[in-house]
Protein chains: 2
Amino acid sequence: MNLKELSELLGLSQTTVSRALNGYPEVAVATRLKIQQAAAANSYRPNARAKGLATGRAMAVGHVIPVSSSHEIVNPIFADFIAGASEIYLRHGYDMVLSSVPDDREEHAYRDIAANGSVDGIIVNGPHAADERIGLLREIGLPFVVHGRASGETTDYNWVDVNNRRSFMRASEFLIDLGHQRIALINGLEAMDFASRRLDGYTHALQSRGLVPDPALIRSDEMTEAYGYSSALQMLEMAHPPTAFLGSSIIVALGIRRAIEEKGLKLGRDVSVITHDDDLGYLRNGGDVPTFTATKSSVRQAGRLCAEQLLSIISDPGQPAQQRLLETELTVGQSTGPAPHLITRPATA
Amino acid sequence: MNLKELSELLGLSQTTVSRALNGYPEVAVATRLKIQQAAAANSYRPNARAKGLATGRAMAVGHVIPVSSSHEIVNPIFADFIAGASEIYLRHGYDMVLSSVPDDREEHAYRDIAANGSVDGIIVNGPHAADERIGLLREIGLPFVVHGRASGETTDYNWVDVNNRRSFMRASEFLIDLGHQRIALINGLEAMDFASRRLDGYTHALQSRGLVPDPALIRSDEMTEAYGYSSALQMLEMAHPPTAFLGSSIIVALGIRRAIEEKGLKLGRDVSVITHDDDLGYLRNGGDVPTFTATKSSVRQAGRLCAEQLLSIISDPGQPAQQRLLETELTVGQSTGPAPHLITRPATA
DNA sequence: AGGAAAATTTAAAGCGCTTTGGTAAGTAAT
DNA sequence: ATTACTTACCAAAGCGCTTTAAATTTTCCT
């Protein structure tokens with residue numbers, strides 16, 4: 001059933017029917033009621049494409065998945081982010097359009113998306129430190145919100161980010177306070193902006209406490225379990241191994257833990273681990289006392305915030321750029337303890 | 001730049017320009033070339049909505065995320081599935097539309113999607129044993145492919161599924177062959193079709209070897225790490241604990257392993273674990289000898305297959321329903337060994 | 001009752017594309 | 001040279017909706 005049929009059935013014009021259903025005021029109350037009932041009875045649903053064409057609004061937002069030939073893995077973190085965002089879209093009647101884009105055609109893809117009009121705005125994930133997408137999107141004029149920031153970008157744009165620098169600074173200081181001197185950082189992909197901020201916080205904490213960051217204790221890569229495992233294993237086999245690790249995600253931390261246990265060491269006693277925890281639904285750092293001491297920030301919540309911000313920009317394009325910096329919670333779990341050589345000194349209770 | 005502008009610029013009709021760009025034959029070679037160049041030079045992109053309205057094809061497929069108020073968690077497995085599917089969509093120029101749907105409005109939502117015409121077909125995830133969606137979608141007439149099956153559904157429909165029954169039967173037999181008698185099953189949500197098939201395979205294997213399945217060793221729930229952990233922990237504290245576990249996903253298995261280690265037991269020696277392994281990119285069951293003995297089947301590949309099947313149905317709606325049953329690989333890792341009481345009998349080399 | 005103002009309703013244009021049903025020019029056959 | 005096909009192009013209708021501008025009806029005042 002389309003609008004024309006419905007209006008003929010009611011003996012009214014398409015105009016009136018359309019207005020009645022879209023809540024415009026210039027329709028008599030009785031008429032509106034009659035129309036609404038008829039629409040429901042005939043389960044009329046307006047065609048989204050036609051509506052979009054007429055209004056210029058797609059009622060959809062785009063998320064781009066960059067597919068690189070090298071690391072074509074979809075992040076579980078992305079899944080939770082999506083879940084959060086889609087809660088908001090659902091509430092506002094928006095759809096979410098995911099497009100995979102080979103990263104060598106990224107510019108082309110964004111221009112495509114903007115021109116072909118299938119979305120009203122876009123969420124940018126995983127910005128690099130020097131990300132060209134922000135400038136590009138601004139030039140194109142498509143509303144967008146970045147999940148994360150691009151340090152290299154000087155102009156004002158919409159973003160939602162975690163205070164990664166402070167978060168990793170605090171975590172490092174916490175370990176230093178426990179007497180750890182050799183602290184490893186198992187970071188995310190080097191090019192990622194969040195990874196460089198974490199490195200920065202870590203470096204800063206060490207240096208301000210008179211420690212010299214050791215390049216041999218710093219790794220950067222895709223945040224898989226296998227990466228966490230192999231990195232930690234290698235480091236634990238060094239002549240002068242670290243006594244503590246900083247992990248970039250709960251998945252990496254699982255790998256680190258596996259390496260520690262495989263070496264016959266005890267987590268939280270022989271080796272300490274602090275991880276960033278995105279509070280993933282399926283990999284909750286659970287229990288009364290959580291397994292890992294962690295810097296926690298829900299990525300699902302970040303998804304919600306990004307989506308809300310984007311919808312707000314879409315509905316009111318004039319407003320100034322919004323920024324939202326989220327602090328993490330440093331929650332103490334079972335994975336941290338005093339540095340091993342200090343353990344001889346009896347701990348209080 | 002739209003079609004009208006482009007055609008005026010070229011001094012040609014919209015018809016000719018449209019035909020030239022869409023590869024229709026009735027255009028002179030020289031004209032086509034000229035048009036293509038002009039289109040590229042002016043970076044003309046046809047408006048997807050208008051095109052869809054005119055052709056009746058959306059060039060998009062829908063994936064529905066059921067959001068229940070109770071378990072509103074997005075599965076990392078879903079993320080990998082999506083990744084696989086989107087590879088295929090990308091290759092064929094399709095978009096992927098994700099819509100969250102509160103599960104009490106599911107029927108409404110599917111009708112909506114079909115009527116509003118924003119997608120050409122739909123992928124159904126996580127079918128229940130008695131799933132009403134299949135009948136509904138057939139009635140609606142929207143092309144669809146189910147990832148999994150619905151045992152209760154008697155009609156013919158398109159699906160891609162893992163042979164869960166055989167897979168868990170083989171895994172159970174493998175454990176029984178190793179001398180295990182008390183084997184626990186940490187299954188997925190009870191209502192899920194795949195879970196009931198796995199239970200079936202497990203039960204069948206035990207019974208055919210003269211073992212009686214113990215209800216106390218069978219759990220069903222959302223497949224989180226915490227669930228694996230708490231289930232395994234409880235069972236290990238039983239008077240007569242299991243010597244082996246069957247896990248429903250790698251994430252659950254991680255939880256089981258945590259419980260085992262927390263009890264001071266050794267995985268693969270004191271307690272054996274076999275898990276289903278969806279071959280998730282971020283949680284690879286890696287190493288030269290994988291950590292877990294597992295029944296492996298790439299969910300990403302399943303995503304590809306579903307997508308391919310759906311696109312094939314969309315382009316040729318007449319064809320008969322296709323089914324694709326995938327067998328798992330039972331790969332032996334470090335998490336299984338002979339049942340503990342047999343270990344006194346020296347193993348051969 | 002008569003006219004202005006307000007409340008309803010409608011016809012028709014337009015969103016940007018495809019596609020049907022042409023026409024005009026070029027080529028081959030008679 | 002006439003007819004009959006091809007070939008290359010075009011005008012206009014139509015996809016299903018919104019929205020402008022105008023028409024109609026109702027209400028209110030004097």
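**Entry 1: B:Ala184**

I looked up B:Ala184 and found it buried, because its relative accessibility is 0% (buried means under 20% relative accessible area, exposed over 50%, partly exposed in between, with a 1.4 Å probe and protein chains only). The model is predicted; I take local features only at pLDDT of at least 70 and side-chain atom pairs only at pLDDT 80 or more, while totals for chains, interfaces and linings use all residues. Residues are numbered from 1 along each chain as its sequence is written, chains are lettered from A and ligands numbered from 1 in the order in which they are written, and side-chain values use heavy atoms, without hydrogens and water.

B:Ala184 sits in strand S6 of chain B, residues 183–187. Helices (H or I, at least four residues) and strands (E, at least two) are DSSP runs numbered from the N terminus. I listed the contacts of B:Ala184 (heavy atoms within 4.5 Å), leaving out residues up to four places away in sequence: B:Tyr202, B:Leu217, B:Met235, B:Pro242, B:Ala244, B:Phe245 and B:Leu246. The C-alpha atom of B:Ala184 is 5.8 Å from that of B:Ile218, which is 34 residues away along the chain.

**Entry 2: nonpolar cores**

I then turned to the nonpolar cores, sets of buried Ala, Val, Leu, Ile, Met, Phe, Trp, Tyr and Cys residues joined through side-chain atoms within 4.5 Å. The largest has 110 residues, and those with the most contacts inside it are Tyr89, Leu98 and Phe245 of chain A and Tyr89, Leu98 and Phe245 of chain B. Another core, of 39 residues, lies apart from it and includes A:Val124, B:Tyr110, B:Val119 and B:Ile122. In soluble globular proteins, nonpolar side chains tend to be buried together.

For B:Tyr89 I noted contacts with B:Val61, B:His63, B:Tyr94, B:Met96, B:Ile123, B:Ala307 and B:Leu311, not counting residues up to four places away in sequence.

**Entry 3: positive phi**

Most residues other than glycine have a negative phi. I noted two residues with a positive value. A:Ser43 has phi near 40° and lies in the loop between helix H3 (29–41) and helix H4 (48–55) of chain A. A:Ser43 is partly exposed, because its relative accessibility is 42%.

B:Asp279 has a phi of about 60°, in the loop between strand S9 (272–277) and strand S10 (293–296) of chain B. B:Asp279 counts as buried, since its relative accessibility is 17%.

**Entry 4: A:Thr291**

I found A:Thr291 in the loop between strand S9 (272–277) and strand S10 (293–296) of chain A. At 11% relative accessibility, A:Thr291 is buried. Beyond its neighbours within four places in sequence, A:Thr291 contacts A:Arg257, A:Asn285, A:Gly286, A:Gly333, A:Gln334, A:Ser335 and, in chain B, B:Arg258. I also checked A:Asn75, 216 residues from A:Thr291 along the chain; their C-alpha atoms are 22 Å apart.

**Entry 5: chain A as a whole**

I counted twelve helices and twelve strands in chain A. Its radius of gyration (over C-alpha atoms) is 26 Å, whereas a compact globule of 349 residues would have one near 20 Å, by the rule of 2.2 Å times the number of residues to the power 0.38. Along the principal axes, the C-alpha atoms of chain A fill a box of roughly 90 × 40 × 35 Å. Of the 349 residues in chain A, 53% are buried. Of the contacts in chain A with a separation of 6 or more, 69% join residues 24 or more positions apart.
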